Structures are given as structure tokens and as C-alpha cells.
Amino acid sequence: MKRNGTCPICYLKRLVGIREKVTEIYDPTAYENGVALTPPMGWSSWNTFKNHIDEDLIYDTAKAMVDSGLKDAGYTYVNLDDNWHSSLRDEDGNLQGDLTTFAHGIPSLVKKINDLGLKVGIYSSNGTETCEDLPGTLYHEKQDALTFAKWGIEYFKYDYCHHIKISPYAPWVYGISVAKKGERETEFYSVENATLFGSARLWRDKVTPNGFRVTGLDANNGAIEFENVTVKEDGEYIVTIDIRKKGRYKKCLMVKVNDTDVYMVDFPDQKHYNNTARFQTPVKLKAGNNKIRLFNPIGNRADSAMLQYQNMGKQLKKATEKVAKDTNSQEKPIVFSICEWGWNTPYKWGKTAGNLWRTTPDIRPVWPWMISYMYRHNVKLDKYASIGHWNDPDMLEVGNGNLTYDENVSHFSLWCMMASPLILGNDLRSITPEVLSIVTNKNLIAINQDPLGIQCKRIKKGGVDTLIKPLADGSFALCFFNKYGGAKNASCSLRNLEQYGLKFSEEYTVTDLWSGETQKISDKICAKVNKHGVKVYKIEF
Ligand code: GLA
């Protein structure tokens, strides 16, 4: 047996049981698919229609988006949320639209909506079922991604109901063997001859055929590496992992081949009729020597969600590439919207998995709820947003519930300042002129869609918050937001903004983006802000 790290300190650490993190597979590369370079704009069925949707409603909504001018204002995606699909997968195991409410099938609806110049989004859950208990996509990632890509779906929201976490536990391993499918293994690679890392330890074991086992692979603390796994030719092989059973709980191992490809093996909760068992995964090997490393990457609470969402993101990209190749047509990348409600700090890893990530629980058209749960949390996360990767404080409720005019204006303005996705959630077939004028305010949409892709920064917190957002042309957007209580006075010295990058000028042109009024200001912007209201300005030289 070889041990890596034989220095006296490493030895001492091991002796007293200090565990080292040795097997990071966290990939910090940003998810790039060329879409959602500015926050996506569209509509979703959930906020108003919940589980009462059908193909006519969706198509009529798409038509209303065109007729009302929403499409011209930039709204592009028509998103089917939960309940679009049947509780039955088809005979090939594919998801399919509800067999009666979407009687003509999803592909024909996509075609009709595409013909209006709009794109279609769809929904599933990173679980065995969705939040409405319909079939979910966990363990069907590749198949479902391909279905969506074939249908021409261009936005995918991936929820978190009925999820099953990847276990942080790893089995005891005593060896591996490798063979082509249909052929018998000829060589057994014993853990006795492998390199061990971190807290992985070799023990004598009376039960295993080779008399050894390795423990200590749990929770990203240890790894086993088999360095010389030899095969004659390139191709797909079956790796069999031989384990010594322990405990009755689920376990997981990653099989990393030649430092690049990673394959996951799940071990179910075990019965103990026998003390050993064999678990297999197909892998790609190259002719000659291969390195196979076994470890469990789940070092903390967030790792499981991160890996599952990263996997789905990769499958979506592979699927759209494949469909483009198979049909000899231009690739239609899918905007990937991660919806795990902010439970597993998605703002820290969401950028590596998809285009946007929910940071909050579900929105409701109720002022204290929206401010306490959506705004208050999301406004602090500005450093995580960037071009193609957005914090998502949930879909818009403008026009829903009993929100006042000022509340609707504030809600929309805040989402624009926070570079949040603008996904409408109201009934577009009966949108009022007032609500329409709010959600099509060109000045505000331009702030949201600014190509610099910066989420506003809160520079003052209080009864009235002050938010600033630098824009691509060197100008700044500034917002006063009066969260609670009655009307209040607010002010901000423009000299103060120089520390945030505003260029010096003797005099600035300041435009109120809701009233259109313009003033010349050399230092202080002063305003009276209505109860639950905002003032939003563009500051130019
Ligand atoms: C979750 C999501 C919502 C919506 C529903 C659908 O609650 O957070 O946005 O998609 O599921 O069931």
C-alpha cells in the first residue's frame, strides 16, 4: 500500500484523527450557453393560474403578449409552470403533456407560439415528482433534457420538490475490476495496492476475499486511487466496485477517470444476507494505463443540490447540441432557471450550474411578504450576479392581489434595479392599462436590461433605502425606496457616488424615470417618496 503525504505532520494529523478535505470536485467554471445575457423577460402560468392551465389559456396568453405590446417591450418567454404534464410518462418513459388539457401535445403548442415570434419555457423538478406530484426529472435528466430540446423548449425551470439528496456516506471498498460488457473480468485491483488520500484507511478484514477493506471515504474526506488500470483499447468498460457492507443507510461514490470524467454510483440502503456486494457503472477508458479515483464529494449541505443542478445544466447543453446536430439546424440553447428556493446557498454556486437561481421562497402578492422575503434577502446578493447569471427573487406579482399603484411601481422598479428576471405572473388576457403601463415602462426595462449586467447595490439602509446601479454608458440609476410607514423625504449627495464609480461632473442631468421630469443637479438629489413608493432616477453628465 502506498500512502500519499507521509510527512510527520500528516502522520500525526491522521493519528489524532484530523480530517483533511482531499477530493474537491467543485467546478467553478461559469455555465455559458450564450443566452440570458441580460435578465430573461417573459410570463409564467404559476402566480395566477397554479394548477388550472391548458393549451388554450397558454396560447391566448401568448397572443395577448403580442397584441398588448408586451412582446415589443421585450417580453419573450411563455413559460408553462407545473401541471403542464400528464402523471403518465409515455411508453418510452418520456414526459408528455396532460393528455386532455394539452390534448394536441406540447410540440404543436410550441410551434404555434414560435410562429408568434415568442419562445416557450417548461418546468420540472429535481426530484422524483414535481411540487404538484407529477413525474419529476431526477434520475431522468438526460432523457428529459432531450425531450425538451426536441420540442424546441428555450427556458427550463427546475424546482426542488421531492428531491433526494446524494448521500454524504461512502461504502467500505475492498477493490475494483474492469471489463467490457459481456466479458469476464480478468484482473482484480485490490485496495491493498491503491494510493489512499485524506482519511481513507486500509484495514484487515476477515470477510472480504482479499482480506482488506478501505474506510474513511465519507463526506469528501478521503479518496482511493487505482493508478494502473490497464485495458487494451479505447472504449466503454464496466467498472465493478466491490464493497464490504456496513450500516443500512444509502451511500454514494464518484468514479473519476483520468482526472476528467466523473460517474456517480448510488448504493441503496442495504440488507445484510451477505457481507459483500458488487456495484457497477459504465465508464470510458483509454488504451493503456488509466487512473480511477473513488470518493464521495458531499462535504456539506449544499454539495448535493449543486451537483444535481450542475448535472441537469450539462444535460440541457448536451441535448440542444445533439438536436441541432441531428436535425442539421441552428442550436436553440435553453435558459436554465434553478429553483431550489435559496435553501442551499445557490447564489454561491448557481453560476456554475445555470443562468439564474431562485434566492427566496415563493412570492405572494402581499406587500410585507414581498419586502421581507424577496427584496430584503435578494438585495444583499448583488455581488453574485453577472452577465448570464442572475439572482432570482421570483416571478412578478405586478397586477395581482391587492397591491396599490405605488406598490406595483415599487415592485417592478426594484426587480429592474436588482437585475432580476422579469417574468410576469398576471393574467395577460385582461391586463389593465395601468398595469400594462407599469410593466412596459421603457426607461425601467432599459435599467433592467442594461448590458453591463450589474445588480444594484444598496448604499443606504433605513426607512428609505438608497440603491444604485451603474450602467453601460457610464451613467447611474438611483432608486429611493420607502419600505414602510407614510411618505418620507430622501436625499443623496451625488458627490458621494464618486466612490462607486460615478464620474465627476460640475452638473448632472437627473431624469425621473417614472415622471420623465429632468433637472440639472450639482450635488444633492432630494425627493419626497410615497408610502411603499419609489423614486427612480437616471444620472447622466
Ligand atoms: C414551487 C415553486 C413555484 C412553482 C410551484 C409549482 O413552489 O417555487 O414557483 O413553480 O412549485 O408547483
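1. In what follows, a cavity is a set of points, on a 1 Å grid over the protein atoms alone, where a 1.4 Å probe fits but cannot get out, while a pocket is an open set with protein on both sides within 12 Å along at least five of seven lines. Lining residues are those with an atom within 4 Å of a point. Grid points are joined across faces, edges and corners, and a volume is the space filled by probe spheres set on the points.

2. The model is predicted, so local features need pLDDT of at least 70 and side-chain atom pairs count only at pLDDT 80 or more, whereas totals for chains, interfaces and linings use all residues. Residues are numbered from 1 along each chain as its sequence is written, and side-chain values use heavy atoms, with hydrogens and water left out.

3. The protein chain is divided into domain 1 (2-24 + 167-297), domain 2 (41-164 + 303-448) and domain 3 (457-540); these bounds come from an automatic or database domain assignment. Taken over C-alpha atoms, the centres of domain 1 and domain 3 are 59 Å apart.

4. The largest pocket has a volume of about 1600 Å³. Of the 44 residues lining this pocket, Val262, Tyr263, Met264, Asn311 and Gln315 are the closest to its centre. Domain 1 and domain 2 each contribute at least three residues to the lining. Helix 7 gives the largest share, nine residues; helices (H or I, at least four residues) and strands (E, at least two) are DSSP runs, numbered from the N terminus. Among the elements that supply at least two residues each are also helix 6 (141-151) and strand 13 (251-257).

5. By class, the lining of the largest pocket has 17 nonpolar, ten polar and 17 charged residues. Here Ala, Val, Leu, Ile, Met, Phe, Trp, Tyr, Cys and Pro count as nonpolar, Asp, Glu, Lys and Arg as charged, and the others, Gly among them, as polar.

6. The second largest pocket has a volume of about 230 Å³. Its lining consists of 13 residues, with Val178, Thr186, Thr230, Val231 and Tyr237 nearest the centre. Strand 6 (172-179) and strand 11 (222-231) are the elements giving two or more residues to this lining.

7. A search of the whole structure finds two cavities of 30 Å³ or more. The largest cavity has a volume of about 110 Å³, and of its 17 lining residues Asn79, Tyr155, Lys157, Ser337 and Met395 lie nearest the centre. Two or more residues come from each of strand 4 (119-125), strand 5 (155-159) and strand 18 (356-358). The lining divides into nine nonpolar, three polar and five charged residues.

8. Polar contacts are pairs of N or O atoms within 3.5 Å. A polar side-chain atom of Asp362 lies 2.5 Å from an oxygen atom of the ligand; for Lys157 the distance to a ligand oxygen is 2.8 Å, and for Trp341 it is 3.1 Å. Taken alone, the ligand exposes 310 Å², of which the protein buries 94%; accessible areas come from the Shrake-Rupley method with a 1.4 Å probe.

How values were computed:
A polar contact is a pair of N or O atoms within 3.5 Å; within protein, one must be able to donate a hydrogen and the other to accept it, and residues adjacent in sequence count only if both atoms are side-chain atoms.
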